[in-house]
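Q: Got a two-chain model here. Can you walk me through how the chains meet?

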Amino acid sequence: MSTNTLDCRNLLCPMPVIRTQNALKELQEGDTLEVTCTDPGTLSDIPTWCRINQHQVISTNEQNNEIVFVIKK
Amino acid sequence: MTQDISPQNTSNAPKQRKAVALISGGLDSLLAAKVVQEQGIHVEGINFYTGFCVEGHTHAIRKKDKDKQKRNNSLWVAEQLGIKLHIIDISEEYKDIVLNPKHGYGANLNPCLDCKIFMVNQAQAWAWAEENGFDFIITGEVIGQRPKSQRKETMPIIARESGADDRLLRPLCAKNLIPTLPEREGWVNRDELYDFSGRSRKPQFELAKKFGFEDFAQPAGGCCFLTDANYSKKLADLWDARGERRYELDDIMLLKVGRHIRPKKNFKLIVSREEGENNFLRGYKKQFTSIHTVSHGGPLTLLDGEFDKDDIRLAAQIAARYSGGKNADQVTVQVENYKGTSFVMDVPPMTAEDVKQEWHV
């Protein structure tokens, strides 16, 4: 199991979703990915994308205009 | 003639066929996928990101739109259908479609016919479908729905030039067209497909009601900014000012944000309209010279193009016009270049009359 990070700051949706999708493709089942975003649209889009593609959002933290998602593949 | 690429069916049970649906986020593609899904076909969605997609992110930037839903419509559609959605960034390859459409533009800078061919074509959806073991492609096209791309004469062009040929099924208007391979092979029942045509959306609304879909996206002119006259005007202005037709992804993102004011051909201002846009434009300070008002509350302004000291002064006066000091004698502004070097200057704000109407792009 590995923990990975992805910087999606200053990207507008759906780019953070696309980058997340592509990053998860490279990971193994059970690995986690920490994604940092600034687009408020990701608050809806990333959890939705994870739901429909059967990945789990473990946590969502919003602070100082940044949103950090931890996703488990 | 398209060859059957499906694996040999060795069991007695009929093989479950798989279709990939082009999901734009609008109603038609939602319904098209649902119609086929209802026939027991395994459907997954594919959504192409061109950079011009009309989505919730524009609303997400602006504080005044905070109450509007910030969802991505294609994701919402996939969730309603209970299907996987694969989003593919084609923004770089798509430039050639926008800049050199073989079949020309629609009413604005929308290259709809070339766009549809490109999305279905061998390098995009069809190649993806073959690679991932899908049997056919679904689109939400309806004959006569769009004046350029969705005419009866152009439908075979899309199928042929895309390479998908008769593995391209349009469930909403299939009965108006020659039966495709999925129909001929009995994978889908042609009798349960539809014969919609024309610009009226009434049949779609009725079908949506039948399926229990509510709250679907209905963007005017489709799901693409290039169908929007104001947006197309800004893009044309950008090309005109640069003396060449080219763009980067950041250029087309910025066309969606702020007031665009071009007082001279060599440069324009992008003036934030509110806090959300301020935050967004701040992300571009390392790429552009920026102006912000110091003595009064005001917008962040980016300068795009080439400019001299007099131009900067003019830009500062315009920026001051949109600040809290618009009625003051002087407004202090800070001008910062992309390297972070800055200086402060006092300027009299421009009057509303002096910001000429023709400057507004």
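**The A–B interface and beyond**

A: This is a predicted model. Chain A and chain B bury about 1800 Å² between them, with 63% of it on carbon and sulfur atoms.

Q: Which three residues supply more of the area that chain A buries than any other three?
A: A:Leu12, A:Pro14 and A:Ile52, which supply 31% of the area that chain A buries against chain B.

Q: And how many residues are in contact?
A: On chain A 20 residues, in contact with 22 residues of chain B.

Q: How many salt bridges between chain A and chain B?
A: The count is 1. The side chains of A:Arg51 and B:Glu79 form a salt bridge, 2.5 Å from N to O.

Q: Which element gives the largest share of the side of chain A that touches chain B?
A: Helix 2 of chain A, with 6 residues.

Q: What does helix 2 of chain A pack on?
A: A sheet of 4 strands in chain A, open, in the order 1-2-4-3, with mixed pairing. Helix 2 (residues 42–52) touches strand 2, strand 3 and strand 4 of chain A, and its direction makes about 5° with that of strand 4.

Q: How do strands 3 and 4 of chain A run?
A: Antiparallel, joined by 7 bridges. A:Val57 stands opposite A:Ile71 in strand 4 of chain A.

Q: Switching to chain B. What caps the N-terminal end of helix 12?
A: B:Glu274 does: a side-chain oxygen lies 2.8 Å from the backbone nitrogen of B:Gly276.

Q: Which residues in helix 12 of chain B are buried?
A: B:Gly276, B:Glu277, B:Asn278, B:Phe280 and B:Leu281.

How values were computed. Residues are numbered from 1 along each chain as its sequence is written. Chains are lettered from A and ligands numbered from 1 in the order in which they are written. This is a predicted model: local features need pLDDT of at least 70, side-chain atom pairs count only at pLDDT 80 or more; totals for chains, interfaces and linings use all residues. Side-chain values use heavy atoms; hydrogens and water are left out. Buried means under 20% relative accessible area, exposed over 50%, partly exposed in between (1.4 Å probe, protein chains only). Helices (H or I, at least four residues) and strands (E, at least two) are DSSP runs, numbered from the N terminus. A polar contact is a pair of N or O atoms within 3.5 Å; within protein, one must be able to donate a hydrogen and the other to accept it, and residues adjacent in sequence count only if both atoms are side-chain atoms. Two strands pair if DSSP finds at least two bridges between them. Contact means heavy atoms within 4.5 Å. Axes are lines fitted to C-alpha atoms, for helices over the stretch in contact, and angles run from 0 to 180 degrees between N-to-C directions. Buried area is the accessible area (1.4 Å probe) that two parts lose on being put together, summed over both. A salt bridge is a side-chain nitrogen of Lys or Arg within 4 Å of a carboxyl oxygen of Asp or Glu.
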